[in-house]
Amino acid sequence: MSQNEKHHIVKYRTYIFVLLGLLTLTGISVAVTGLNLGPFAVTVALVLAGIKSTLVLLFFMHLKFDQPVYGIMVLFVLAVFVVVMIITFLDYSFR
Amino acid sequence: MSESKQPSYLEYQGKYKGLFGWIFSVDHKRIGLLYMYSIMTFFIVGATLGLLMKLELIAPGKTIMDAQTYNGLFTLHGITMIFLIVIPGIPAILGNFFLPIMIGAKDVAFPRLNLLSWWIYIIGAVIALSSQFMGSGPPDTGWTFYAPYSFKTTTNMLPAVLGAFTLGFSSILTGLNFIVTMHRMRAPGMNWMKMPLFPWTLYGTAWIQLLATPIVGITLLMVVAERTLHVGFFDPALGGDPVLYQHLFWIYSHPAVYVMILPAMGVISEILPTFARKTIFGYKAIVASTLAIAFVGYFVWGHHMFTAGMSGTAQFAFSFLTFLVAIPSAIKVFNWISTLYKGSIHLAVPFYWAASFIFVFMIGGLSGLVLGALSTNVHVHDTAFVVAHFHFIVFGGVGFAFMAGIHYWFPKIYGRMYDESWALTGWVVFFLGFLALYSPMFYLGMKGMPRRYFDYLPEYHGPNIFSSLGAVVMIFGLALIIINLIRSARKGEKATANPWNGTTLEWTIESPPILENFEEIPTVTEPPYHYK
């Protein structure tokens with residue numbers, strides 16, 4: 001079945017833009033540690049990390065160009081992760 | 001069947017000869033057997049440790065060892081049995097051997113990665129077992145490595161934890177390999193609903209291996225960091241939370257129970273239709289229940305922690321979810337029983353093992369509901385009842401299914417038949433010994449005998465004698481079975497290609513299979529259990 005599939009070629013320019021985006025976000029992650037955001041410090045760090053992971057998944061791991069089934073698999077994994085987190089916090093939030 | 005021109009995988013001489021021809025082979029069948037020989041070696045070690053523990057418990061007080069030795073023994077027994085045997089167990093042995101054949105492929109998707117998985121397994125095993133022989137004495141935490149004790153004990157914890165961490169990579173790589181194999185390498189015509197049920201259970205298992213194993217890897221590294229750097233993840237004195245360790249550990253280790261049991265269920269789903277001469281009842285329901293168990297199994301870990309100090313809300317949620325996972329398990333049992341109904345049952349050794357699997361699995365599963373209910377769990381938590389329950393599930397489940405599977409596929413693996421009367425005697429002795437060993441523990445647990453103690457009150461003596469004698473009988477049965485299989489692999493009668501009249505693809509090829517499994521990749525037109 002694999003011989004009938006076409007491989008998408010990503011331009012180097014795209015990779016460089018993504019790399020620059022990742023480096024910028026890393027810089028922002030470091031910079032915000034100097035701000036006193038209180039309880040939101042972790043939230044901001046996780047949001048930035050989440051954006052970086054998404055960029056890596058979409059471009060470097062080719063999820064953007066693959067069949068939708070692989071995207072569904074990743075979303076399914078994320079859904080499992082979210083449910084696990086929610087259930088864990090049923091303990092910590094109600095102690 | 002016409003004689004093949006290709007040599008069998010046992011006869012094939014590649015780049016390396018002798019032992020090297022095995023330990024550097026990328027053939028999935030040889031790798032499956034490498035796992036089997038390694039796992040069986042570790043199993044003999046683990047079973048011996050278990051027998052020594054039962055001999056210690058044959059009478060109250062010190063019998064053959066002191067308390068600290070007993071603590072080290074049950075820790076090593078647990079680490080060996082869980083991380084080295086039942087988690088890799090059926091997927092690594094029977095999965096590696098039969099998955100590609102059953103889906104009509106020549107090998108797994110990444111054969112070299114497959115061999116690497118075995119090497120990582122061996123390295124992890126050596127690291128884990130080295131904890132017994134160096135530093136400050138064998139670890140004594142139990143296989144769960146619970147914090148805060150695991151980062152405070154002066155025993156030799158780090159190798160045990162790092163060994164378990166390393167073994168996780170083997171599991172992840174096997175899971176990844178199987179997922180890709182099933183997505184990419186099924187034979188023409190074999191759509192998902194024509195795939196046999198054993199591969200389906202390996203598919204559900206592989207997702208758990210891939211997603212849940214990294215969690216325990218990170219958790220074990222956190223223990224290492226806690227011991228060496230005093231970070232404060234789990235130590236209350238440093239602002240940590242010991243219950244967090246239990247959450248992280250069981251987020252992996254409960255799904256790991258399904259890594260053990262799902263492939264076992266797959267083996268049973270292969271054997272029953274063959275020996276009932278009947279299409280499996282409710283193929284789609286069994287597939288759905290496999291995926292449901294794999295999915296819901298992620299969310300029930302908290303039932304291991306009902307007395308650990310969780311919130312009432314979490315306890316309620318985990319109890320409810322635990323009862324939910326019983327539904328797909330029961331669906332499987334009902335479908336297996338319905339498969340037998342009005343079948344022309346052919347009584348043979350694999351069938352006896354499969355039928356006894358259902359019996360012990362039912363006892364293990366129903367006692368699991370006692371532990372899933374909050375009120376009864378508090379009463380029997382950390383007692384011998386729990387030990388009985390998980391041995392009925394893990395040993396009764398995985399052990400019986402593995403025995404069923406190895407007696408079912410033995411003619412295909414070695415091209416020889418085993419002595420059926422010895423195999424049947426082995427099953428009878430083993431089964432009776434198993435029941436005598438573990439059944440009294442339900443009673444002892446309900447009476448309040450705690451687990452993980454080398455001593456007990458005199459009132460528990462009688463059932464403990466019975467249980468210890470059961471262990472001796474079971475080990476005797478095990479010896480009969482293993483000796484019979486080893487002898488038959490060398491000297492048994494030659495097996496035909498399809499001695500049981502099976503309908504799945506492995507029975508369409510020679511016994512033992514040729515190196516590339518098929519002369520020509522088959523085209524699949526029928527469902528897997530097509531009996532007319």
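What share of the contacts in chain B with a separation of 6 or more comes from residues 24 or more positions apart? The share is 84%, where a contact means C-beta atoms, placed from the backbone, within 7 Å.

This is a predicted model: local features need pLDDT of at least 70, side-chain atom pairs count only at pLDDT 80 or more, and totals for chains, interfaces and linings use all residues. Residues are numbered from 1 along each chain as its sequence is written, while chains are lettered from A and ligands numbered from 1 in the order in which they are written.

Select chain B. Its C-alpha trace spans about 70 × 45 × 45 Å along the principal axes. Of its 532 residues, 52% count as buried (20 or more other C-beta atoms within 10 Å of the residue's own, C-beta atoms being placed from the backbone).

Next, pick B:Met260. In the largest nonpolar core, which has 156 residues, B:Met260 is among the five that touch the most other members, with B:Ile268, B:Val398, B:Ala401 and B:Ala404. Such a core is a set of buried Ala, Val, Leu, Ile, Met, Phe, Trp, Tyr and Cys residues joined through C-beta atoms within 7 Å. Beyond four places in sequence, the contacts of B:Met260 include B:Val86, B:Ile87 and B:Val398.

Now show the helices. Chain B has 15 helices and 0 strands (DSSP runs: H or I of at least four residues for helices, E of at least two for strands). Select 420-446 of chain B, helix α14. B:Gly448, with a positive phi near 105°, follows α14(B).

Terms used: Buried ≥ 20, exposed ≤ 12 C-beta atoms within 10 Å, placed from the backbone. Contact = placed C-beta atoms within 7 Å. Expected span 1.5 Å × (residues − 1).
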